[in-house]
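Dear colleague,

Please find the structure below, handed over for your records. My findings follow it.

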Amino acid sequence: MSGFGIRNQKDFYSGLLFIAFGVAFMWIAQNYNFGTPRRMGPAFFPIILSGILIAIGIAIAVRGVTVAEEPMRGFTLKGLVLVIVGTLLFGFLVRSAGVPIATAALVAVSAYASQRFNWKPTLVLAVGMAVFCTVVFIYALGLPMPVRGPWLGG
Amino acid sequence: MELFANLYTGFEVALTPLNLLYCLGGVFVGTLIGVLPGLGPTATIAMLLPVTFGLPPVSALIMLAGIYYGAQYGGSTTAILINLPGESSSVVTALDGYQMARQGRAGLALSTAALGSFFAGTVATFLLALFAPPLAEIALKFGPAEYFSLMVMGLVASVVLAHGSLIKAIAMILLGLLLGLVGTDVTSGTPRFTFDIPELADGINFVIVAMGMFGLGEIIRNLENEETRDVFARKITGLLPTWNDIKTITAPVLRGTALGSALGILPGGGAMLSSFAAYSLEKKISKNSKNFGKGAIEGVAAPESANNAGAQTSFIPMLTLGIPSNPVMALMIGAMIIQGIQPGPQVMTEQPSLFWGIIVSMWVGNFFLVVLNLPMIGLWVRMLTVPYHLLYPAILVFCAIGVFSLNNSTFDVYLMAIFGVLGYVLSKLDCEPAPLLLGFILGPMMEEYLRRAMVLSRGDAMVFIERPISATMLGLAVIGLIVVLLPSIRKKREEAFTEEG
């Protein structure tokens with residue numbers, strides 16, 4: 001991956017990430033009033049902070065080019081994608097289809113990320129969690145969440 | 001005696017049936033998550049926060065505190081029985097505790113941990129009651145300049161004393177401070193970094209950040225490499241220590257308690273540093289030092305007392321100064337703010353029943369841990385082997401429902417997913433999420449104090465150096481940074497955190 005002498009990927013990329021965050025915050029904060037030291041405007045503190053963040057980000061990135069360390073490993077794209085997709089799906093379904101469906105969907109999608117995935121226990125868990133959460137959170141604790149969304153005629 | 005009057009106030013609050021119940025519930029849930037695989041106290045407390053918002057503030061905080069030290073206890077159970085420290089503070093307990101279990105002395109190791117913790121918890125509660133009032137007294141005289149410098153010092157100390165890369169931890173603090181500023185600026189009314197999204201106008205709820213980075217992020221990290229758990233001792237017997245055992249552990253428990261109490265007060269110190277330091281000290285001075293690592297009971301007694309003492313005394317800066325020393329304390333401060341309590345020294349004078357109630361409840365909670373958990377050890381052993389691939393989808397559901405219930409907003413669920421990705425990517429880049437959460441909680445407060453200090457000084461930044469207390473704290477922060485950056489000490493610091501692990 002390292003074509004131009006990156007010896008420590010973790011340092012280099014985290015440095016870049018911090019620089020990117022710093023630049024983004026500073027860029028946006030420029031639209032606000034900076035004020036004076038005596039009357040600090042809404043931009044004052046963020047611009048100082050992002051300035052320091054950019055400087056530290058550069059220092060970390062530079063260290064990544066100069067100091068060698070072991071490479072990054074074990075990145076799980078499958079785990080990341082399935083956990084995140086499951087969570088997004090929950091958010092998408094919870095209003096339109098209701099809590100039980102959203103819960104079962106999140107369980108099913110995220111459980112698939114495991115190496116030990118097996119559809120039978122997953123199915124039991126999905127149904128069990130859907131029933132449990134509906135009973136505990138909606139009926140027992142009385143949280144104002146839909147059991148059946150508009151999709152199911154609720 | 002004012003101390004006893006105060007403790008009496010505390011007992012009156014902590015011993016009401018309702019608060020006893022929340023304390024019991026807290027330590028039970030805490031122990032449970034301590035023994036369950038792959039679930040840390042930060043994520044659990046974040047998950048349970050929405051439930052506590054409806055409770056009276058004192059009950060909510062009593063329960064959250066119970067989860068915190070209950071998790072310490074559960075973490076040492078897994079360390080002893082399966083050589084997997086449930087929490088970072090019980091890493092060193094695994095060294096000798098697991099060896100004891102292999103020699104058939106698991107029961108003794110567990111009871112040593114429990115009794116040592118209880119003793120340490122009792123002493124630390126008294127120390128808390130003794131030292132919190134004078135500290136709060138001093139802090140009440142602080143102006144905005146002192147507060148700003150105190151927060152700088154607290155944040156710096158929390159990374160200097162923690163493990164991992166210092167420079168990355170500072171970058172994470174800054175990122176946390178910036179993220180904490182998202183939302184409407186209180187002074188000018190300007191919406192900042194909101195991208196015109198109405199849900200962001202009130203800022204990002206800290207529960208979303210904590211669940212995303214600690215809950216989701218941890219789950220994804222655990223999926224990289226799924227562990228299998230083998231329980232060594234299925235049947236635990238011989239819980240009661242003999243008279244000889246008690247004589248052996250007395251001195252290590254006392255030393256561990258003293259060391260843990262002292263280190264716990266330091267920001268960033270808390271439970272983990274205490275247990276590492278206590279183990280090293282005990283190994284150096286014990287007559288039995290050649291047996292360390294081979295099942296020495298002193299190697300369980302000292303760090304277990306120390307981590308519990310440290311966990312208790314880390315409440316001192318949180319309760320008296322409003323400064324979090326670790327992510328759990330940051331969540332407690334967030335919970336106080338949501339309950340309408342401004343954290344800081346005035347809590348003690350304005351809400352004495354809350355302040356003393358929490359302190360006394362910690363002693364009560366430690367008592368529960370001993371009397372409930374030793375008989376319940378069979379249950380915990382069974383919990384140890386709950387398969388993670390069935391547990392994490394359930395954790396995800398609780399996170400999702402918890403976040404959704406904050407405002408009934410699907411946007412919050414999406415935002416949690418974003419923080420999950422951010423948390424995972426950052427942790428892959430060796431950037432710990434804890435400093436980000438500390439910065440996130442302190443961001444708005446720091447800006448406010450900076451602003452007020454600058455108004456009072458008519459825009460002269462020298463105020464931070466001219467005021468002696470403020471200058472001292474900034475000086476300590478600078479010294480802390482320089483010391484850690486010195487190559488020789490930096491090497492020793494890295495050794496201290498890796499040697500025993």
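The predictor's confidence in each residue is given as pLDDT, on a scale from 0 to 100. For chain B its mean is 86, and 93% of the residues reach 70 or more. This is a predicted model, in which local features need pLDDT of at least 70 and side-chain atom pairs count only at pLDDT 80 or more, while totals for chains, interfaces and linings use all residues. Residues are numbered from 1 along each chain as its sequence is written, and chains are lettered from A and ligands numbered from 1 in the order in which they are written. The model scores ipTM 0.93 and pTM 0.88.

Regarding the interface, 53 residues of chain B are in contact (C-beta atoms, placed from the backbone, within 7 Å) with 58 residues of chain A. Helices (DSSP runs of H or I, at least four residues, numbered from the N terminus) that each supply at least two residues to this side of chain B include H8, H9 and H20. The most comes from H18(B), with 11 residues.

By contrast, B:Asp196 counts as exposed because it has 7 C-beta neighbours inside 10 Å. Its phi is near 60°, a positive value in a residue other than glycine.

Yours sincerely

How values were computed. Contact = placed C-beta atoms within 7 Å. Buried ≥ 20, exposed ≤ 12 C-beta atoms within 10 Å, placed from the backbone.
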